[in-house]
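Here are my notes for your first look at this model. Keep the structure open while you read.

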Amino acid sequence: MSHNTPITHAPERQRFELHIEGHTAYEEYFHIPQGVVFAHTIVPPELAGRGIASRIVQHALAWARQEGLKVRPDCSFVRAYMDKHPEYADLRLPL
């Protein structure tokens, strides 16, 4: 996988997607009055172990920051990613 493979925002499906090798990995979200909830990070088994989930979450968090949205990390992967990257602490809503 090239790290140049674009991550696309599909607002009609409320998710960020990366299409590669005939598979789709994605981060699913929904809006709440306080900001946005990142609900599920999905990476097909065929794409596992390549850092794809981290790449998508980083992209989604950058989007939230740009949009001025606070993040509720309901997804355990997003929660762990934010715990490991304190530069996103200012985005976090309490669970």
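Which strand does Glu27 lie in? Glu27 belongs to strand β3.

1. Ground rules. This is a predicted model, in which local features need pLDDT of at least 70, side-chain atom pairs count only at pLDDT 80 or more, and totals for chains, interfaces and linings use all residues. Residues are numbered from 1 along each chain as its sequence is written, and side-chain values use heavy atoms, with hydrogens and water left out.

2. The sheet. Five strands form an open sheet in the order β1-β2-β3-β4-β5, and the pairing is mixed. β1 (7–10) and β5 (70–72) are the edge strands, each with a single partner strand, so one side of each has no neighbour in the sheet. Neighbouring strands are turned by 30° against each other on average, direction ignored. Strands are DSSP runs (E, at least two residues), numbered from the N terminus. Two of them pair if DSSP finds at least two bridges between them.

3. β2 (residues 15–20) and β3 (residues 23–32) run antiparallel and are joined by six bridges. Look for His19: it stands opposite Thr24 in β3. Strands of a sheet pair through backbone hydrogen bonds, either parallel or antiparallel.

4. Glu27. This residue is buried yet has no salt bridge. Buried means under 20% relative accessible area, exposed over 50%, and partly exposed in between (1.4 Å probe, protein chains only). A salt bridge needs a side-chain nitrogen of Lys or Arg within 4 Å of a carboxyl oxygen of Asp or Glu. For Glu27, the nearest side chain of opposite charge is Arg79, 10 Å away. Lys and Arg count as positive, Asp and Glu as negative; His and the chain ends are not counted.

5. The Glu27 side chain makes a polar contact with the side chain of Thr41 at 2.3 Å. Such a contact is a pair of N or O atoms within 3.5 Å; within protein, one must be able to donate a hydrogen and the other to accept it, and residues adjacent in sequence count only if both atoms are side-chain atoms. Leaving aside neighbours within four places in sequence, Glu27 is in contact (heavy atoms within 4.5 Å) with residues including Phe16, Phe38, Ile56 and Val78.

6. Salt bridges elsewhere. How many does a search of the whole structure find? The search finds seven. One joins Arg92 to Asp83, with the closest N and O atoms 2.7 Å apart. Arg92 is partly exposed at 29%, while Asp83 is exposed at 53%. Salt bridges that share partners also link Glu12, Arg13, Arg15 and Glu17 into one network.

Key:
Helices (H or I, at least four residues) and strands (E, at least two) are DSSP runs, numbered from the N terminus. Axes are lines fitted to C-alpha atoms, for helices over the stretch in contact, and angles run from 0 to 180 degrees between N-to-C directions.
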